[in-house]
Amino acid sequence: MAVVRSVVGLGRGLRRAHAVRVRQPLPSLTVVSHDTQVRGAVDAHAELIAEELNVKTVATSEDERAHAHLSVKPNYRRLGPRLGARMKEFAAVIESFDEAAVAALLDGAAQTVAGEEFVLDDVVVSRTPRPGVVVAATDRLAAALDTTVTAELAREGLAREVVKAVQAQRRTAGLDVAD
């Protein structure tokens, strides 16, 4: 349930940050994690997550590159004392890592450059979402919310807004639900 809470929190945060109304249904949410237990928990509770976030489907994946461009910058606090005067030289090398190298770091592999080994803690990972997708991440998982609204989804969102307005008028008029 901790994983479900984390996913729902990320999803709600994405909706708030990108001004997507909660009543507006969205096509999908993809949870990206390299941990099989996290993916299993999401798969087991996909219906609950879909209901909480008002998305049609919830999927899991190991490949973050399908939803965002990955890049890295050096973690100066960690690398500065270790590299000293060579920091500037290695910073340029680290920033030039391609997406495959960044994905390998996320998988736990080390990257060796000029005799120096770099691991995930040595870098700061940046994620730039692909068009039509918004992404948020924690240390164990990332959530990619597809914000593409089709005509059918727009109609469904409008219907939910109408129901909300009718219910508000019913409450204001003091009517009972059966009325």
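**Reading the pocket, the cores and the loops**

Student: How many nonpolar, polar and charged residues are in the lining of the largest pocket?

Tutor: By class, that lining has eight nonpolar, four polar and six charged residues, where Ala, Val, Leu, Ile, Met, Phe, Trp, Tyr, Cys and Pro count as nonpolar, Asp, Glu, Lys and Arg as charged, and the others, Gly among them, as polar. This is a predicted model, in which local features need pLDDT of at least 70 and side-chain atom pairs pLDDT 80 or more, while totals for chains, interfaces and linings use all residues. Residues are numbered from 1 along each chain as its sequence is written, and side-chain values use heavy atoms, with hydrogens and water left out.

Student: What is the volume of the largest pocket, and which residues are closest to its centre?

Tutor: A pocket is an open set of points on a 1 Å grid over the protein atoms alone where a 1.4 Å probe fits, with protein on both sides within 12 Å along at least five of seven lines, and lining residues have an atom within 4 Å of a point; points are joined across faces, edges and corners, and the volume is the space filled by probe spheres set on them. Here the volume is about 330 Å³, and of the 18 lining residues Leu106, Leu120, Arg127, Thr138 and Asp139 are the closest to the centre. Strand β6 (residues 123-129) gives the largest share of the lining, four residues, helices (H or I, at least four residues) and strands (E, at least two) being DSSP runs numbered from the N terminus.

Student: Which residues form the aromatic pair, and is it stacked, tilted or edge-to-face?

Tutor: Rings of Phe, Tyr and Trp (its six-membered ring) pair if their centres lie within 6.5 Å, and planes under 30 degrees apart count as stacked, over 60 as edge-to-face and the rest as tilted. The structure holds one such pair: phenylalanine 90 and phenylalanine 118, tilted, at 5.7 Å centre to centre with 55° between the planes. Phenylalanine 90 lies in helix α5 (residues 87-95) and phenylalanine 118 in strand β5 (residues 116-118), so the pair ties together parts 28 residues apart in sequence. Phenylalanine 90, at 2% relative accessible area, is buried, as is phenylalanine 118 at 0% (buried is under 20%, exposed over 50%, partly exposed in between, with a 1.4 Å probe and protein chains only).

Student: Which residues have the most contacts inside the largest nonpolar core?

Tutor: Such a core is a set of buried Ala, Val, Leu, Ile, Met, Phe, Trp, Tyr and Cys residues joined through side-chain atoms within 4.5 Å. The largest has 23 residues, and Val7, Leu29, Ile49 and Val55 have the most contacts inside it; its largest share, six residues, comes from α1. Beyond neighbours within four places in sequence, isoleucine 49 is in contact (heavy atoms within 4.5 Å) with Val4, Val7, Val8, Leu29, Val42 and Val58.

Student: Where are the residues other than glycine with positive phi, and are they buried or exposed?

Tutor: Asparagine 54, with phi near 55°, is found in the loop between α3 and β2 and is buried at 10% relative accessible area. Alanine 114, with a positive phi of about 50°, sits in the loop between β4 (111-113) and β5 and counts as exposed at 63%.

Student: Where is serine 33, and what does serine 33 touch?

Tutor: Serine 33 is in the loop between β1 and α2 and counts as buried at 1% relative accessibility. Leaving out residues up to four places away in sequence, serine 33 touches Val38, Arg39, Ser61, Glu62, Arg140 and Leu141.
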